[in-house]
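Please read the numbered points with the model in view.

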Amino acid sequence: MPVRVESSATASAAVAVASVAAGEVAARETSTAASYAHADKPPLTIRTAKHTGAAHGQHRKGPRPATILSSLVSAAKIGSALWTVRALLAVLPVLLGRRLSAKGSSTPSTLWQSLLVKLANTDNARLAAIVAAMSATFRVLTVATTPSGSAPSKPSAAWSAAKGALASLWLFCDPSDGRRAQIAIALVVRTFYFALRSWVYEPLRPSIAAETSHANGSDYADGSITKTPTAKPQVAQKQLVSHAGGGHVAVRRRRSRLANSLARYIDKYGTHPVWLINAYYICYYSFNDARVIPAPYFRSTMFFSSNRDRYGSDCVTVTKGLSKIVQFLHDNPPDHPLATIPSSAPDTLTFWRQLVETTKPDDPHHDAIEQLKNIQEVMKPGVKHHYMGCAMVHPSESACEAAAGRIMWLGMLKLTKTYSILNGAFAVFALMQYAVKHLRGKHRHDKAVNGTPSGSSTGPATPTSAHKELLATPKPFGVFLQGIARRFVLSTAKSVVAVSLYLACFCYSICLCRRFLGYERKSSYGIAGMLASPAMLLEKQSRMPELNTYLTTQTVESVWMLGVVHGWWSYIKYGEMLAAVPAMSILTSLLETQSHAIHGFYEPLLHGFFGTRRYTPPASAITAPASPH
């Protein structure tokens, strides 16, 4: 069953880079200009240079130009942050009092020894150095090829790709084959997603026929795709017309009606078929051949589906044994003696004990019964099932509905803790951003009103229209805190209810398929994963693209493992670099030339990591049409 749980390496890297990138992006965003807008949003207006203290002839300082030394320092900060986060994640179980091994003890000396062992892990330092080297390489190449003091120009897509390829070569220094493969797969999946967004949300360009559309009284401020009346019928086409705050108009580049329809369909419904494919594959192989599911992801699904509570401490072995019994029942006719539990049996526990005692080593189902023999520890006297599959999926409940309800309740308890921690971390990060903006806003307010920061003896200056943004202060702390608390509660509640309901519907859908067919089929588990998918509509839909990319990463990695297990292909040393290098090239090219394609928090994260910024065209590139009124 698809459950999103980030791997430790990817999650720690994202958190570490985000902590450093946020500050750098915030500093660079102080220089304002026009930018290409997303196709589904109105284009941004041109912001002129702000004058702080115009009466004194003072001009606001722009971003400090990057140098090779500053690039190296920024890359070192990113590597240090990554090492710190991974070290904290490693020592967190020790700090919480959990034993590191069966021989561990809670004495202070052993505790400090365990902490030192975790902190002295050379793998964390090696990974941090590799990440820092990748960032430094890209930054230094950017600085070295940018003329000092020159005006910003549109980056070259080819040179951006070359810089990304050179930076990705540092992955050869990672001795972990599995981690390199995970990084390569993550890069390929997310780069493909961003490239698709680049096509769907095609960048906007200045309107040549803006005056004509205004003259005709057209108003498409809602961003709908429609035909724009123009003075020349031969150039009429489907265009996306949006009014910016300053009266600027932008339209979508010309392309066919079929392409526009396909782009609209992908934008609106694209996440659903991807989710269904991932759900079928993951649910199918989780109960049919768990060897091909990535181990960390498989353990997380076992945890959130409460397999330990339902199967006991030997839940992994029982789950693998379940796949064998499903395979056996699938290969045999529906009237096989093991397909159903005889009505003459007093309960399922008694029948199972007799089956374990009477099974011989040469029986075809011996291996499955041997792995599942410990399931009798969680079976209760008096509980009886009709199908053997139901007895294996929910051995403690005779009613399938009661089993689904229990899975949902247990899942809610675990998911509430998990999502509370995740959303709590985001809330803390938002509070930190508020504090920074509040201090910066107060400084700008004083400088706009008085001409100098607080504490200066310089006399006041009369604010002008150029100071409107500088005079804008953050929301009061009480209002901001109330909004954070509301988002925390709603976000946590939506995620917990959606995922726990999905788990319950998945379990119940397996039993429904079994009842409908009358026998066990391997495909029933994949179909059940698809039937439970509407429960995810309760989740916040803005999270679905990232959730889909994460699940697609797990599916692609699983397909690779499936081919290795079945001998379709074999592993080649550093073979994953054949995919990682091109993916990094395309990613960096999109980042510098088509930043609108980068989704969500990835844009500030990647801009902070590579030291880039969203390209903004000069003010002369946008035509300000005459007012229709």
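1. Apart from its neighbours within four places in sequence, W352 is in contact (heavy atoms within 4.5 Å) with I369, L372, K373, I375, Q376, M379, M388 and M392. The model is predicted, so local features need pLDDT of at least 70 and side-chain atom pairs count only at pLDDT 80 or more, while totals for chains, interfaces and linings use all residues. Residues are numbered from 1 along each chain as its sequence is written, and side-chain values use heavy atoms, with hydrogens and water left out.

2. W352 also belongs to the largest nonpolar core, which has 62 residues; I325, W352 and M392 touch the most other members. Such a core is a set of buried Ala, Val, Leu, Ile, Met, Phe, Trp, Tyr and Cys residues joined through side-chain atoms within 4.5 Å. Buried here means under 20% relative accessible area, exposed over 50%, and partly exposed in between (1.4 Å probe, protein chains only). Helix α18 (residues 477-517) gives this core its largest share, 8 residues. A second, separate core has 28 residues, including I78, V131, A165 and L587.

3. Which cysteines deserve a check for disulfides? The search of the whole structure finds 0 disulfides, a disulfide being a pair of cysteine sulfur atoms within 2.5 Å. For C511, the nearest cysteine sulfur is that of C400, 3.4 Å away; C511 is buried, at 0% relative accessibility. For C513, the nearest cysteine sulfur is that of C511, 9.3 Å away, and C513 is likewise counted as buried, at 11%.

4. Most residues other than glycine have a negative phi. S306 is not a glycine, yet its phi is positive, about 60°. This residue lies in the loop between α10 (295-304) and α11 (307-311), and S306 is buried, with a relative accessible area of 0%. Helices are DSSP runs (H or I, at least four residues), numbered from the N terminus.

5. Y574, also not a glycine, has a positive phi of about 60°. Its place is in the loop between α20 (544-565) and α21 (577-593).

6. Helix α20 has 22 residues, which at 1.5 Å a residue should span 32 Å; its end C-alpha atoms are 31 Å apart, in agreement. The expected span is 1.5 Å times one less than the number of residues. After α20 comes G567, with a positive phi near 75°.

Note on methods
Helices (H or I, at least four residues) and strands (E, at least two) are DSSP runs, numbered from the N terminus.
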